[in-house]
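Please look at the sequence and the structure first.

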Amino acid sequence: MTPAALAQTHAAAFTQTRPWSESEFTDLLKQRGMILCGDAKSFILGRIIGDEAEVLTVATHPNHQRQGYARAQLVQFISQARTQNVESVFLEVSENNGAAKSLYYKQGFHKFGHRPQYYYTADGGKIGADILRLEI
Ligand SMILES: CC(C)(COP(=O)(O)OP(=O)(O)OC[C@H]1O[C@@H](n2cnc3c(N)ncnc32)[C@H](O)[C@@H]1OP(=O)(O)O)[C@@H](O)C(=O)NCCC(=O)NCCS
């Protein structure tokens, strides 16, 4: 999947926060330990550092949401991480993102911490992030 396609899907999915640009994806994909699962319908991007994995972003194009794609990518991400001796997966999610939190909790993640006023919102305000963790 090209950085341009990633940026396109990301922009279509993230309507409340600033989408990531093609050049940001290009730079991220050059970093060590990156794992990318999925396609233009839905993808997950994360990285492995030692025995921990971090989910950086998950996006399903609005035309393809609620069809199990994000769950499938997350399952694949976790299973790839497992093969690389990862013990915990972490991620940050906006505290008001009920859809994403439901996706993660169903996969076994639990709340590990909270960062107040972490993300900027579309109206220029700020909102906190929950830190979730999954032991694998
Ligand atoms: C969150 C997101 C990735 C889910 O993608 P998806 O492919 O539609 O998700 P799935 O179809 O695999 O759904 C898996 C579970 O997630 C939850 N879920 C997904 N969309 C939901 C919604 N609109 N409302 C409530 N729960 C939702 C449900 O628990 C769902 O399980 P179910 O279908 O058995 O009820 C997608 O809505 C998206 O791209 N949102 C914008 C970007 C974003 O917020 N990314 C996460 C940032 S941390």
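In which strand does Ile-35 lie? Ile-35 lies in strand 1; helices (H or I, at least four residues) and strands (E, at least two) are DSSP runs, numbered from the N terminus. The structure is a predicted model, in which local features need pLDDT of at least 70, side-chain atom pairs count only at pLDDT 80 or more, and totals for chains, interfaces and linings use all residues. Residue numbers start from 1 along each chain as its sequence is written.

**The chain as a whole**

The chain holds four helices and six strands. Read from the N terminus, its elements follow the order α-α-β-β-β-α-β-α-β-β. Along the principal axes, the C-alpha atoms fill a box of roughly 40 × 35 × 30 Å. A compact globule of 136 residues would have a radius of gyration near 14 Å, and the chain, with 14 Å, agrees. This radius is taken over C-alpha atoms, and the globule rule is 2.2 Å times the number of residues to the power 0.38.

Of the 136 residues, 25% are buried. A residue is buried if 20 or more other C-beta atoms lie within 10 Å of its own, exposed if 12 or fewer, and partly exposed in between, with C-beta atoms placed from the backbone. Two residues are in contact if their C-beta atoms, placed from the backbone, lie within 7 Å. Among contacts between residues at least 6 apart in sequence, 52% join residues at least 24 apart.

Helix 3 (residues 69-83) has 15 residues and should span 21 Å at 1.5 Å a residue; its end C-alpha atoms are 21 Å apart, which agrees. The expected span is 1.5 Å times one less than the number of residues. The buried residues in helix 3 are Tyr-69, Ala-70, Gln-73, Leu-74, Phe-77, Ile-78 and Ala-81. Seen down the axis, these buried residues fall within an arc of 165 degrees, so they line one face of helix 3. The arc is that of the directions from the helix axis to the C-beta atoms. On the face turned away from the buried side are the exposed residues Ser-79 and Thr-83.

The cover over the buried residues of helix 3 includes strand 1 (34-38), strand 2 (42-49), strand 3 (52-60), strand 4 (88-94) and helix 4 (98-106). After helix 3 comes Asn-85, with a positive phi near 60 degrees.

In helix 1 (residues 3-13), the buried residues are Leu-6, Thr-9 and His-10. They cover an arc of only 100 degrees around the axis, which puts them on the same side of helix 1. These buried residues of helix 1 pack against helix 2 (22-30), strand 2 and strand 3.

**Selected residues**

| Residue | C-beta neighbours inside 10 Å | Class |
|---|---|---|
| Ser-42 | 23 | buried |
| Arg-66 | 9 | exposed |
| Gln-117 | 10 | exposed |

Ile-35 touches Gly-46, Arg-47, Ile-48, Phe-77, Gln-80 and Ala-81, not counting residues up to four places away in sequence. Ile-35 and Glu-54 are 19 residues apart along the chain, and their C-alpha atoms are separated by 9.7 Å.

Ser-42 is part of strand 2. Apart from neighbours within four places in sequence, Ser-42 is in contact with Ala-59, Thr-60, His-61, His-64, Tyr-69, Ala-70 and Gln-73. From Ser-42 to His-64 there are 22 residues in sequence and 7.7 Å in space, C-alpha to C-alpha.

Arg-66 sits in the loop between strand 3 and helix 3. Although Arg-66 is not a glycine, its phi is positive, about 60 degrees. Gln-117, in strand 5 (residues 110-120), also is a residue other than glycine with a positive phi, near 50 degrees.

**Around the ligand**

Which residues come nearest to the ligand? Of the 21 residues around the ligand, these are Thr-60, Gln-65, Ala-70, Ala-99 and Leu-103. Strand 3, helix 3 and helix 4 are the elements that give two or more residues to this shell. A residue is near a molecule or strand if its C-beta atom, placed from the backbone, lies within 6 Å of it. Helix 4 gives the most to the shell, with six residues.

The shell divides into 10 nonpolar, eight polar and three charged residues. Here Ala, Val, Leu, Ile, Met, Phe, Trp, Tyr, Cys and Pro count as nonpolar, Asp, Glu, Lys and Arg as charged, and the others, Gly among them, as polar.
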